[in-house]
Amino acid sequence: EKNKNRVTLTEKTALKMASEEDLPVLTEMVRSLLPGEAGRLFVHELPSLEENLLWAVQCGECWIILHGEEPAGFFCLREGPAEHLDEIRDGKWHYDGSYGILDSFAVIPRYRGSGLSDRMIREAEVLAGAQGKTAVRVEIHRRNEAAKKLLDRCSFRFRGNIPGILPDGQEWRGQGFEKGIS
């Protein structure tokens, strides 16, 4: 039953930089996530999902992955450094120099399990490499097992814990992962 509506990747996938015209599609993608997931995607100090998405789009950091012509997922790739990532505990980052931050990423539910997430992560790595980055870093919530499995499949390595406080005052229990790129 779980796999009943899963999409098989039969068409070419492509990447496009998100524009302000894509905001309704991006918002719909985020809202299609399971309850609670959307709130963990963006931890900027902006009050709403829409403002976070607009900010990422205007900064040129938001990318949409298409399956044929259909938007199937997105990611935001920011330029490091980021102060909060310096708060890593119980470990350390392994790559010095310029790095990209895979800040938010999601695949709409019917594409989960299709391999699209892996392709999307590889696309983010290629973009970061084209920008001259030596590594990609990502912070996820420590309970996000699906993201941990994805990052492991894509050869990211756990580097340590990253505590913090969310804009609503809740404690954030993040974990940092990193992959060197050439």
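1. Helices here are DSSP runs of H or I with at least four residues, strands are runs of E with at least two, and both are numbered from the N terminus. Contact means heavy atoms within 4.5 Å.

2. A word on the model before going on. This is a predicted model, in which local features need pLDDT of at least 70 and side-chain atom pairs count only at pLDDT 80 or more, while totals for chains, interfaces and linings use all residues. Residues are numbered from 1 along each chain as its sequence is written, and side-chain values use heavy atoms, with hydrogens and water left out.

3. Back to H3, which spans residues 49-58: its buried residues are Leu 49, Asn 52, Leu 53, Ala 56 and Val 57. Buried means under 20% relative accessible area, exposed over 50%, and partly exposed in between (1.4 Å probe, protein chains only). Because these residues cover an arc of only 130 degrees around the axis, they lie on the same side of H3. The arc is taken from the directions from the helix axis to the C-beta atoms. An α-helix has 3.6 residues a turn, so residues three or four places apart point the same way. After H3 comes Gly 60, with a positive phi near 75 degrees.

4. For the overall layout, the protein has five helices and seven strands, in the order β-α-α-α-β-β-β-α-β-α-β-β from the N terminus. Of its 182 residues, 47% count as buried. Among contacts with a separation of 6 or more, 70% are between residues 24 or more positions apart.

5. The structure holds eleven salt bridges, each a side-chain nitrogen of Lys or Arg within 4 Å of a carboxyl oxygen of Asp or Glu. One of them pairs Asp 103 with Arg 78 (3.5 Å, N to O). This pair links distant parts of the chain, with Asp 103 in strand E4 (residues 99-107) and Arg 78 in strand E3, 25 residues apart. Both Asp 103 and Arg 78 are buried.

6. Another salt bridge joins Arg 153 and Asp 118, whose closest N and O atoms are 2.9 Å apart. Here Arg 153 sits in helix H5 (residues 145-153) and Asp 118 in helix H4 (residues 116-130), 35 residues apart. Asp 118 counts as buried because its relative accessibility is 14%.
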